[in-house]
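Open the viewer and keep the selection tool at hand. This tour goes from one stop to the next.

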Amino acid sequence: MKATPETRQRMLLAVTGLLTPLAFWIAFGLYDRFTPRRRMPEGLFFDPARVSPEERMRTQILRAQLLEAARQGDWRRVSRAADDTCGVDCPSPIFPLQAEAHWRLGERKKGADLWAKGLAWENPVAQAQVEALKGDKAAYTAHVAPLLSNPERGIKNDIAWACVLLPDVLPDYTLVVARAQTALQETELPEGKANVLNTLGVALYRAGRYSDALARLQESESLQHEMMNGVFIALCYHKLGDRTRARREADSYYQFLRNSLPDNSRNRLEYVLFEKELSAVLPAMPPKKAITP
């Protein structure tokens with residue numbers, strides 16, 4: 001029996017009704033598959049241009065995930081999660097961890113560039129920090145050497161500190177020590193003295209005056225606890241041949257770095273930079289395995 005025109009029209013409408021949702025579903029699937037987007041772990045989305053309670057919550061979730069991976073030493077997971085989420089536009093709770101991850105994975109320039117977003121560029125230390133993190137001694141030296149030529153340029157302690165971030169880059173550290181000593185004479189508050197004494201101690205260490213450096217670093221530590229004293233106290237003891245004290249101070253520093261990930265991003269880049277110097281002579285000891293009875 002042949003279908004009537006009316007029947008054929010009804011059949012065509014029915015097929016069209018079935019195919020239209022299918023075509024829409026296929027089109028939407030293709031759009032969802034190939035449209036670029038930034039995806040946070042576990043399906044969360046990140047929009048750096050929008051700051052809202054929801055966005056802050058998502059940032060906190062991502063930060064918690066990154067911190068967990070960092071404490072486990074899984075820096076590859078940290079870098080991938082941060083990069084996949086927000087690329088080079090990560091917010092301030094995220095990019096220091098992202099920067100450290102890339103730096104520890106050997107991508108020193110990328111790590112330094114990410115860290116640079118949080119630096120105050122009006123301070124001469126900032127550019128020195130970036131060059132030091134990149135590990136290019138020639139570029140670092142070219143930046144810091146002129147800082148010493150003008151005795152009135154910049155804050156004396158800052159200039160001295162900028163010059164001691166990497167070892168063995170200046171032929172003579174006499175001017176650096178002198179700049180730090182002058183800064184100490186001009187400083188009155190205990191907190192300021194502690195800071196300048198640390199700078200002077202590191203400058204003396206760079207100058208090869210290890211006993212003098214140790215005394216100044218310990219004096220700084222007596223005024224204010226700061227782990228940047230500890231790392232160079234360990235290095236001084238190592239140079240002076242006291243392996244036991246050097247090892248104890250080094251272990252304390254490594255433990256501090258493992259425990260301080262959430263709270264010390266302000267000085268973190270210098271902590272990590274000096275860790276590299278320390279580990280060259282006093283490597284971190286592997287964690288002790290628990291003894292099963």
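**Start at R104**

Select R104 first: at 29% relative accessibility, R104 counts as partly exposed. The model you are looking at is predicted.

The side chains of R104 and E275 form a salt bridge, 2.7 Å from N to O. This pair joins distant parts of the chain: R104 sits in helix α4 (residues 95-104) and E275 in helix α14, 171 residues apart. Is E275 buried or exposed? E275 is buried, with a relative accessible area of 15%.

With R104 and E275, they make up a network of salt bridges.

**Along helix α14**

Stay in helix α14 (residues 265-279) and pick E270. E270 is buried, at 5% relative accessibility. Show what surrounds E270: its contacts beyond four places in sequence include V125, W161 and Y253.

**Two pairs within helices**

Jump to helix α5 (residues 108-115). D113 and K109 lie there four residues apart, about one helical turn. Their side chains meet in a salt bridge of 2.9 Å, N to O. D113 is partly exposed at 35%, whereas K109 is exposed at 52%.

Next, select D251 and R247 in helix α13 (residues 243-259), again four residues apart. Their closest N and O atoms are 2.9 Å apart, in a salt bridge. D251 is partly exposed, with a relative accessible area of 32%.

**Zoom out**

Show the whole chain. How many helices does the chain have? There are 14, with zero strands. Of the 293 residues, 41% count as buried. The structure holds 14 salt bridges.

How values were computed. Residues numbered from 1 in each chain as written. Predicted model: local features only at pLDDT ≥ 70, side-chain atom pairs only at ≥ 80, totals over all residues. Heavy atoms only, no water. Buried < 20%, exposed > 50% of the residue type's maximum accessible area, 1.4 Å probe, protein only. Contact = heavy atoms within 4.5 Å. Salt bridge = Lys/Arg side-chain N within 4 Å of Asp/Glu carboxyl O.
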